[in-house]
Structure formats: C-alpha cells, structure tokens
Amino acid sequence: MSRRDYLLRKLGFSLMTVVIVLVINFVLFRILPGDPVRAVIGRNVRISPEVQQALRVQFGLDKPVFPDQFLDTVGQWARGNLGISWSLRRPVKDILLAKLVNTVILIGLGQIFAIVLGVVLGLLAGWKRKSAVDVSALTFSLIAWAVPTFWLGIILLAAGSSWLGLPTGGIVSPANVSKPLYAVLPDLGRHLILPTLTLTILYLGEYMLIMRSSILEVLGEDYILTAKAKGMSQWQVLMRHGLKNAMLPIVTLIALNLGFTVSGAIYIETVFSYDGLGKLFQDALTKQDYPLLQGAFLLLAVSVILANMSADVLYTYLDPRVKAN
Amino acid sequence: MLHEGWTENPDTLNPAYAYLTQSYTIFDLIYNGLTTESPDGKYVGALAKDWSVAADNVTWTIHLKEGIKWHNGEDLKASDIAWAINAVMEHPDWWSSTSNYANGFKEVTAPDDHMVQIVTEYPIANMEYRLSFLYAVYPPDFNKFTSAEELQNFNNFNAIGTGPFKINVFDKDKGILILDANQDYFDGGPHIDQMIFQKFDNADALIQALKVGDIDLISEVPATAFETIKSYAGVQAVKEDGRYFNELILNSVAETNDPAPKRNPAILDPAVRLAIASAINKQDLVDVVLQGIGSPGDTIVPPTLGGGFWHNPNIQEVKFDIAAANKILDDAGYKAGADGVRTDGKDRLEFRLQFPTQNPVYPRIADMLASNFQQIGIKADVEAVDTDSLTAAVTPTGDYDMVIWGWGPDPDPDFILSVLTTDQFISGGWSDSGYHSPEYDQLYLDQQEAIDKSQRQQIVWKMQDMVFNDRPYIVLYYEKLLQAYRSDRFTGFIESPLGIDIAQSLLNVTAVK
C-alpha cells in the first residue's frame, strides 16, 4: 500500500470516529440525571416554575430528545454552528477558541521542556546504566511521575509566590487585561513560569523512564554490536543507530499525551487559575451546559484523533516497516 | 486600588438573567435600585429620597434624589426608572431573575422627572425590598431586544448604571473585572479610585494571594482556612452571622400527592419527630463539625434577616436529651427489638438519611446524627446522593425519609416562607419537605399583603412557630459569613451580615496612609 492510500484510510477511520464520538456525546450528556435549567440557575434563587419552563423552551429541552433535539443539534453541527452556551451565554466556538490558545501555550511549553529534558536524561541514564547519573535520574523521575499534580502545583505556588514574588494566579496582571497577549509577553511569561514548571516536572519523569528502557533495549540489539564492530564511536552509535530506533515509543507517548493534555491540564489550570480549557470542561459538566459540553468533547476527541494521526504519519517516516505493510 | 479575590466570576452584568451571588455583588456597586438594604437590615433610599403608600395601600409615590447621573454623564429621569420596571412587567419570562420582584405590579408611571408612581393589584408588604432589586438599567441599552433569548444573551459587560462604581473592563475569560470610582455619585463618590475583582480557581491559591499581598480582600473565606488567616500579619479576619442555614428535612408529603410518597410512614408520627429533634445535639454539630463557625439554629428565618426583625425570638429550642427522647418513644409505644431498633409492631424505626454530595460537611453531620439516633433506637441508613438525583427524588416525588440540606434565604422572609407552602411542591418548585398546611398557606398570603410592619411580623412569627412545631424542617445551624482583608492597607469597612464588600461599606473605605 502506498503512503497516500495508507494515510487516506487513516483519515477515513478518523472521520468515522469523530462522527461516532458526536453521537455518543449527544446521548451521554442527556442520560445524566438532573435538570440543566436547575443546574444553570442554582438552588438559591427565586425563579418561578413558569420562568424555568420558559428557559426550558428557549434551550429546546421541552421537546423530546429523539428525534427533535437530536435533529436540531445535528442540523446545527452540519452548518458548522456549535450553538450558544447556556451558562455563559456566548457562542461555544468563541469560548473554545479563546481557551484553546491559552491551553496550547501552556501545554506546548510544558511538553517541549519535558520532552527535551526527559529524552536527554533518559538517554544519558540508559547509556550510563547503573552509574550515579542513572540512579539519580531514575529516582527523580519515579518521584516526579508519582507525585500528585494538585499537591505539586500548590507547593510550587506557595514557594514561588512567597520567595520569588511570582503571581498567585491568572494569565496576566489586572493592569494588562485589556491588552492583547503578544503585547504583554513579559507579564504573560511571569504568569507561565510556575504552571509550566509543574507541567514539566510531571511529564519529565514519564518521558525519561520510557526513553531509558527503550534505549536499553535498543543497545542490546545485534545491529548496535555490528555498528560498534565497524569501529564507530560510542557517540555515533548512540545518535545514528540508538536514538532513532529508541524514539518510536516516545513518539507514541507524545502523541497520546498531546491529545489528552488538551483536557488533562485541568488540575494545573485550576491550581494556577489559568484561563484554559481544563476548568471550562469542569464548569460545563457541573452546569450541564449541553452545547458547551458537546463542543468541548468534540474538540477533545478531534485533538486526540489528530495527535494519533500525526503519530501514524510520523511512523511512516521513522519506521520503514510501516511503509512496507 | 482595592483588589478583591473570589472563586467565581459574575455570570453576567445583565440583571435580566443573573443567578450567581457574584453578579449581585457587582450590581450593588454599579447599579442602584430605588431603595437599598443598609448594614443594620433596614431599607433606606438609594435613588429614592422618600416613598409612601396611599390609604388604599396600593398606590406608592416615590420621590427621587437630586442630581442623579448615569455613568455616561446623562441625567437620570424618573421615566427611565419607570421604563425599566415596565420592561420587567411586560415580559416576566424575559427578565427571569427579576420578574418575581414585579409580581402584582399593575402600573408604573413617571408623573414628572423626579417622581415615580407604582400602582399594585393588591397590597404589597415587602415593597422596599422588591424595589432594592429592580435596578435602574440604562434604557437605550435594553430597548432593542425582540425575544427572551436575545435579551438574556446580552451580557452588558459595558454596563451603564448610576452606582458608586463604573465599569472599566470585564474580561470574563481572564477572570478580571475592574471598576473605577464614580466621582459624580449622587451620595458622594468613593475614597478609593478603583476596585479589581480577580477570579481564583482554587481556594488555597486565593489565601496564598492574600498572604503575599497580591490581593487585599477575600469575599468568602473557606471555614477550614479561617484560623490560619487570622494569624497572618497585616490581615484582619471578619466573622459575621450569615443568612445560610442547614436543616434536616423530614418527609411531610401528603398521602394524596401524585405520585404517592415513598417513605417509612413512621416519619409522620409527631412523637417520632419530637424524639428525633430531642436526639440532635446542635451545639456539638457546630463545635465538632463546623469548628465553631456557626451557631445552633431553630427557625427557618435566621436572626440576620431584616436586622433580626423577622426572627421569632420566643421559640423555645428542643433540649438535647437522649433520655427524654427515649421516654417519648416508650410512651408512644415503640419498643426496642432484638437488634435494638424500635418498632410499634407495625412500623420499624429505620429511616434513610440522605444528603447531597455538594457540601463536604454533610457526611460528617449525617454520621453524628446517625450515632445519636442509634441511642434512641432509631436506625438511620446514611447515604450520599448526587445533588440532581436527590432533587429528582425529593420534588415532587417524595421518595425519601430524612434529608440534610440547606438554604440561603433572601433578605426578606417572603422567599424562605414560600418554600414551605403547598403550591411549591411541584416540578420546578422549591418545596422539598412536601409540607402542606392550609393554615400556613393562608398565613403566607396574609403576610404578603400586611403593609403594617408589626402586623406582618406577628404573622411571620406565627409561621415560624408552625414549622418549628410540625417539623417539616429541623433547622440544625446557621452559617457564619467569613471574610478577610489587608488591614495594613485599608480601613473603614462596615462589618455586617451583608458583608464588607457592599457599596455602603466600600464607600466608607480609605487607604491606610
């Protein structure tokens, strides 16, 4: 099969997955117990049953779930319209886009640091197995991987704000709130230090451990022995033959992580009051805001699928076996 | 500049569709009603200079103060206020969060620029309270909508009001709201030049922010952090009686309800109810579960409403007395079985004791209650239930025995009294106990129309008596309002159950030199 056919087939499967996810999402949120109108208005207000009913009509909840609500929703999606959030009263698309940018900045920075440091540490540890470097990198990684996100975040927040005067929350200072992000980069940077550090530490361990075991496995292969026998230096062996082959599991891991971290930064965003998607997902769920929930989960599904697809594409370059099959 | 931290943004700055308390905190600063509640619980004029009702009890005449200007510099006219109230009356379902305040209004007019006249269909006793929530909104911003959805999707983030602060910017995504002082405020402008409200997504970060001085004020301090905050240098922690209370709901649903209630019928026995009340140690709940941050409760009208005017002080609390509770059940013919659980041969005293998962304190309260009940031969099966599922099981289904839950009453007793009326036990209604007393329902209507305050007070007291003695609710405790501020930077806050961040308090605040 040519690479083109292979990719087209993958693309087809991905689109099918998106459609299935959309349908499941629609059903899933509606079988949750409870009343979205009550969830939106809360308990401590004086909203008469008539007014609640008026809201129900406005949200389309007075109609049967199937076929009316379903067809309404599908019709909107078909027109590229994700609807209007019931709790925020703004178009879902605008909300998601605004938050996505912020989350991508945070996740992007955190992942880049974690990947680079993790791969390098893993490589060193695997290469210098049982040395002091290996033992300390291994210990650090195990701890970093096991530590609860929320706890680490709070500790870094307390330490960073007390000793270094770093901000306790938010994405920019109040004085800069009306300016576009690119105009206040130093301020944005100050707000990003602690959350990025937390994210880096948390993912670093995972990358390091996978890289270490992967490189150990590769270094035991016959072709490494052959390469050494040809008289290549240790460094050449490691870079030319070791690294490329050992990267395969890491690529899979990165793809999985990138997809899921779009939502997975919930804890970090919550600790640092960072205006991203994570907190939005949680709010949408507690308020049973169907349009927002559907939009958010669509975005999540698409990003996981996209990340997986890019891993597949990368594989065709990294692993000759994929091309052959 | 005073920097306040909280854990939620206002949902909107449009009074037509606002549900979160944070929205009302901001409304209080940027808008005005004709009246406003003062820290002592009495109503005073805001836009209104004075108001009076004619001998017919339905015609209200309200005179406005002089020199009131909108934030854009235009003069406010009485016709603007009349327009705003008429808008609510015309489309109650569009103005979903304010329409209740205009219920029973027949006609609102502005005979001249400084006078508003309101004619109602029947006498309205709590007019002052209602007028405090019917905010004067700027008509040109609100007169262009053609449907409920359009109006409610309008967030009014650049709100024009008449209040002591005006909008500088509200970026809801970034969680930052900045208000500038309105130096032209008709009652005299604030001494601070700016208010910043910042949203924190978790309470630990919020407290850390106060500690390091990133913020100056916390509107709601979590009870668990109160003692810690007290020890911070330069920080003043404030504890006030609050409006919230928590109660034990005893299933009181009518046998004729549709669907028929599902419960252990023994819960209806007045002797069982009294025994349950006697077996609850409220002081212990407050001391152990709430670490002292609360006070034992008795009636559904907390002592903070109207500065204490509406709370019935004559109610004699049922004393915590296990022996007495046991005797009540003995006398009523309930004998302990082999497993220690009492029965009268027909009904076994085993009840479900449920609570919504929303409140972290409830599980511990449930455990304490269950162990007390055990000492009087009542078995309580404790169960945590998701809030929505519990709501569905309770109203109007009546599928429960005992439930722990809470309320945050409005400043006027009308709302919390309405919660126990028969009419409210319908889908979307607020009644959870299913209490149904024709006498109570009639008293509820009477108090709505009792223009004479002391007459209304008598009715409201009587209603509290009824609820206390029939026990659809056993009120467990009243919550405290916990706030904190940087006293090394600001001074002059007025401490009251309304909080230190209401307009009247902030108008009094000055920076420490």
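A residue is called buried if 20 or more other C-beta atoms lie within 10 Å of its own. The model under study is predicted.

**Exercise 1.** Determine which residues of helix H15(B) are buried, and state what they pack against.

*Solution.* 
Step 1. Applying the criterion to H15(B) gives Arg456(B), Ile459(B), Val460(B), Trp461(B), Met463(B), Gln464(B), Val467(B) and Phe468(B) as buried.
Step 2. The buried residues of H15(B) pack against helix H13 (414-418), helix H14 (438-449) and strand E19 (473-486), which belong to chain B.

**Exercise 2.** Explain why strand E18 of chain B is described as largely enclosed by the rest of the structure, and identify strands joined to E18(B) by bridges.

*Solution.* 
Step 1. In strand E18 of chain B (residues 402-407), 6 of the 6 residues are buried, so the strand is largely enclosed by the rest of the structure.
Step 2. In a regular strand, side chains alternate between the two faces of the sheet.
Step 3. On one side of E18(B), Met402(B), Ile404(B) and Gly406(B) are buried, and on the other Val403(B), Trp405(B) and Trp407(B) are buried, which leaves both faces covered.
Step 4. Strand E12 of chain B (residues 235-250) runs antiparallel to E18(B) and is joined to it by 6 bridges; here Asn246(B) stands opposite Gly406(B).
Step 5. Strand E16 of chain B (residues 350-356) runs parallel to E18(B), with 2 bridges between them; Gln354(B) stands opposite Val403(B).

**Exercise 3.** Describe the contact between chain B and chain A.

*Solution.* 
Step 1. Chain B contributes 45 residues to the contact and chain A contributes 46 residues.
Step 2. Elements giving two or more residues to the side of chain B that touches chain A include helix H5 (148-153), strand E8 (165-171) and helix H12 (387-394) of chain B.
Step 3. H6(B) supplies the largest share of that side, 5 residues.
Step 4. By type, the residues on the side of chain B that touches chain A are 15 nonpolar, 17 polar and 13 charged.

Note on methods. Residues numbered from 1 in each chain as written. Chains lettered and ligands numbered in written order. Predicted model: local features only at pLDDT ≥ 70, side-chain atom pairs only at ≥ 80, totals over all residues. Buried ≥ 20, exposed ≤ 12 C-beta atoms within 10 Å, placed from the backbone. Helix = DSSP H or I, 4+ residues; strand = E, 2+ residues; numbered from the N terminus. Contact = placed C-beta atoms within 7 Å. Nonpolar A, V, L, I, M, F, W, Y, C, P; charged D, E, K, R; others polar. Pairing = 2+ DSSP bridges.
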